[in-house]
Amino acid sequence: MDKINLDNYKGIIFDMDGVIFNISDAIRKAVDDSVNKYQLNVKQNEVMEEIALLIEELQNYPVPKIILNSYNLLKVQFLEGLNYFKKLRIAIFMFNQFNKYKDAESSIYDGIDKLVSTLSKHRKLAILTNNKSQYAEEILDKFDLSDFFGTIIGFNDVSEVKPNPEGILKILDKWNIKPEEAIFIGDMTTDIDAGKAANVTMICVASGLAQKQTLKQHKPDILVDNTKELIKLFSL
Ligand SMILES: [Mg+2]
């Protein structure tokens, strides 16, 4: 099994949802509710990543802006064949259900707090999320993790979100380190693509939203199945 030699690195960048914060159950339940309410014919594990990305995008905007920016909504495959208004209705319903479950039931992955706290004693840590940075701060605060991250970059801090490498490059620039001195840990194909474009070491955690096979196709440097395996990569 691969091991990370921390001596080779100066900084580690974490994605939040799917790496630190576990939103899988909230998404799964929101999908279930939508499938039942609207009698959708979808295979849940095939649409999870698409929906996770859609939700990541939706949660940054008020509804009128979602409607204005609904180009992506029109493209999603799991709503293929439905008219625009029905797509919008389903997406907003699903998004509301997600928010309800997310606040009530979501937590951080077991052991991730200890990993983050230990790594922060040795290396600089940052968060790179396609969410709003303020939302990331709230979640980190809630689980007493804020102090470990000197830098938090959200969609509001960049002109292009992941898979564009802009956010990673911005953090490297701030730290004044080279790409080969940094690690990026994410859970989606968009994370892998961003990490590879930035030339950092890309670790992907297949935590459940994206299918492992799909993640493999995007060729992360290291692919692990869960947080437990992620922790094992760092012999601390
Ligand atoms: Mg993620």
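**Close-up views of a predicted model**

**View 1. Lys10 and its partner Glu181.** At a relative accessibility of 46%, Lys10 counts as partly exposed. The model shown in this and the following views is predicted. The side chain of Lys10 meets that of Glu181 in a salt bridge, with 3.1 Å from N to O. This pair links distant parts of the chain, since Lys10 belongs to the segment before β1 (11-14) and Glu181 to the loop between α8 and β6 (182-186), 171 residues apart.

View 2. Asp191 and Lys162 form a salt bridge in which the closest N and O atoms are 2.9 Å apart. Here too the pair links distant parts of the chain, with Asp191 in helix α9 (residues 189-198) and Lys162 in the loop between β5 (151-153) and α8, 29 residues apart. Asp191 is buried because its relative accessible area is 2%, under the 20% that marks a buried residue. Lys162 is buried as well, with a relative accessible area of 6%. The peptide bond that leads from Lys162 to Pro163 is cis, its omega being near 15°, and Pro163 lies in the loop between β5 and α8.

View 3. Because Asp225 lies in the loop between β8 (222-224) and α11 (227-233) while Lys212 lies in helix α10 (residues 212-217), the pair ties together parts that are 13 residues apart in sequence. Asp225 is partly exposed at 31% relative accessibility, and Lys212 is also partly exposed, with a relative accessible area of 36%. Elsewhere, salt bridges that share partners join Asp15, Lys162 and Asp191 into one network.

**View 4. The two sides of helix α8.** In helix α8 (residues 166-175), the residues Gly167, Ile168, Ile171, Leu172 and Trp175 are buried. They lie on the same side of α8, because the arc that they cover around the axis is only 135°. On the other side of α8, Asp173 and Lys174 are exposed. Gly167, one of the buried residues of this helix, has a relative accessible area of 3%. From Gly167 to Ser34, which is 133 residues away in sequence, the distance in space is 33 Å, C-alpha to C-alpha.

**View 5. A negative surface patch that includes Glu137 and Asp144.** Glu137, Glu138, Asp141, Asp144 and Asp147 form a negative surface patch. Within this group, Glu137 has its place in helix α7 (residues 133-142) and is partly exposed, with a relative accessible area of 39%. Asp144, by contrast, is found in the loop between α7 and β5, and this residue is exposed, with a relative accessible area of 65%. The backbone of Asp144 has a phi near 55°, which is a positive value in a residue other than glycine.

View 6. Val31 and the Lys10 of the opening view are 21 residues apart in sequence, and their C-alpha atoms are 40 Å apart in space. Gln39 lies in the loop between α1 and α2 (44-58) and counts as exposed at 68% relative accessibility. Although Gln39 is not a glycine, its phi is positive, at about 50°.

**View 7. Asp110 in a loop.** Asp110 has its place in the loop between β3 (107-108) and α6 (112-122). This residue is exposed because its relative accessible area is 72%, over the 50% that marks an exposed residue. The C-alpha atom of Asp110 is separated by 20 Å from that of Lys29, a residue 81 positions away along the chain.

Conventions
Residues are numbered from 1 along each chain as its sequence is written. This is a predicted model: local features need pLDDT of at least 70, side-chain atom pairs count only at pLDDT 80 or more; totals for chains, interfaces and linings use all residues. Side-chain values use heavy atoms; hydrogens and water are left out. Patches are made of residues with over 30% relative accessible area and no salt bridge: like charges are joined within 9 Å, nonpolar side chains (Val, Leu, Ile, Met, Phe, Trp, Tyr) within 5 Å. Accessible areas come from the Shrake-Rupley method with a 1.4 Å probe; for residues, only the protein chains shown count as cover. A salt bridge is a side-chain nitrogen of Lys or Arg within 4 Å of a carboxyl oxygen of Asp or Glu. Lys and Arg count as positive and Asp and Glu as negative; His and the chain ends are not counted. The place of a charge is taken as NZ of Lys, CZ of Arg, CG of Asp or CD of Glu. Helices (H or I, at least four residues) and strands (E, at least two) are DSSP runs, numbered from the N terminus. Buried means under 20% relative accessible area, exposed over 50%, partly exposed in between (1.4 Å probe, protein chains only). The arc is that of the directions from the helix axis to the C-beta atoms.
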